[in-house]
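Look over the sequence and the model first.

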Amino acid sequence: MSIPDEKIHPVATGRAAETVAKHQEPQELIFYSGWFCPFVQRAWITLEEKGIPYQYKEVNPYKKEKHFLEINPKGLVPAIEYKGEALYESVVLCEFFEDAYPDHTPRLLPQDPFKRGYARLWIDYISKNIVPTTQRLIQAQDPEKQREALEDSFKALRTFAQQVKGPWFLGEEFSMVDVVLAPWIVRDYIITEHRGFSRDAVGFGWSEYAHRLETRDSVLASQSEHYAEIYGRYLRDEAMSEVAKAIRAGRPLP
Ligand SMILES: N[C@@H](CCC(=O)N[C@@H](CS)C(=O)NCC(=O)O)C(=O)O
């Protein structure tokens with residue numbers, strides 16, 4: 001392995017660095033983050049959307065330090081400490097912020113039980129279909145495998161794209177469905193540059209929807225530079241993260 005995962009750029013940059021600087025004071029909510037991580041960005045967008053007070057702490061999850069493993073035994077970011085209790089898993093955290101801070105708007109899940117279920121259905125779809133197919137596309141080395149993975153990605157995105165009511169997934173209200181997808185939209189320049197992906201080729205208004213997502217303020221506020229540096233190792237299929245290993249082994253993502 002040419003570049004071990006521990007040697008990643010150490011801190012957030014760009015707009016995200018400004019956001020980090022504003023969130024250094026101790027709070028009852030400590031947000032354990034890795035600036036580069038798309039799963040982290042889901043939770044971070046939610047915090048920023050809702051204006052929840054939090055203390056930002058940068059962690060290098062590849063080091064698996066003892067204190068961090070006590071917070072998340074899986075050793076993955078994002079994770080939080082809330083009033084001394086620990087919680088992790090990006091979608092769980094997005095839901096937790098929605099439930100623990102009911103007075104912080106916007107609400108990101110509909111109040112109607114059916115619509116709430118419907119939103120969760122598509123959140124699940126993103127995690128089970130869009131994220132793994134994109135990751136497989138990034139790590140694929142053989143040209144034939146890359147072509148297959150690109151087709152699978154288009155297929156997964158088209159199924160989703162056809163359900164976007166506009167301007168946001170559920171219609172007028174920006175929701176957790178949009179949040180959970182956004183980090184993969186802001187990173188799709190990697191597959192555009194290296195794997196023949198194109199937003200326009202998805203169709204169904206994908207380019208316009210993607211543009212709305214990537215220019216949303218909470219998304220910009222959690223946005224760093226240097227993603228390309230991180231993805232180099234994935235594009236050569238040399239990354240040793242749990243996600244990279246799972247894709248290589250054909251296992252579900254951690
Ligand atoms: N299912 C987890 C995935 C989190 C995850 O894989 N985070 C990566 C960074 S993007 C990590 O902490 N990796 C450390 C490792 O693989 O050892 C979630 O949704 O929060």
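Across the interface of domain 1 and domain 2, the rule finds four salt bridges. The model is predicted.

**Domain layout**
- The domain assignment gives domain 1 as 5–100 and domain 2 as 113–249.
- Taken over C-alpha atoms, the centres of domain 1 and domain 2 are separated by 21 Å.

**Contact between the domains**
- Domain 1 puts 28 residues in contact with 37 residues of domain 2.
- About 2700 Å² of area is buried between domain 1 and domain 2. Carbon and sulfur atoms give 56% of that area.

**The side of domain 1 that touches domain 2**
- Three helices each supply at least two residues to this side: helix 1 (14–21), helix 2 (38–50) and helix 4 (90–100).
- Helix 2 gives the largest share, with nine residues.
- By class, this side of domain 1 has 14 nonpolar, six polar and eight charged residues.

**Salt bridges**
- The structure as a whole holds 16 salt bridges.
- Arg-15 and Asp-217 meet through their side chains in a salt bridge, at 3.5 Å from N to O.
- Arg-15 lies in helix 1 and Asp-217 in helix 11 (residues 217–221), so this pair ties together parts that are 202 residues apart in sequence.

**UniProt annotations**
- An unreviewed UniProt entry lists residues 27–105 as "domain: GST N-terminal".
- Over residues 27–105, the chain is 38% helix and 22% strand. The end C-alpha atoms of this stretch are 19 Å apart.
- The unreviewed entry also carries the annotation "domain: GST C-terminal", which covers residues 112–253.
- Over residues 112–253, the chain is 70% helix and 0% strand. Here the end C-alpha atoms are 31 Å apart.

Methods. Residues numbered from 1 in each chain as written. Predicted model: local features only at pLDDT ≥ 70, side-chain atom pairs only at ≥ 80, totals over all residues. Heavy atoms only, no water. UniProt positions renumbered as here; feature names shortened; annotations may be inferred. Helix = DSSP H or I, 4+ residues; strand = E, 2+ residues; numbered from the N terminus. Domains from an automatic or database assignment. Contact = heavy atoms within 4.5 Å. Buried area = accessible area lost by both parts, 1.4 Å probe. Nonpolar A, V, L, I, M, F, W, Y, C, P; charged D, E, K, R; others polar.
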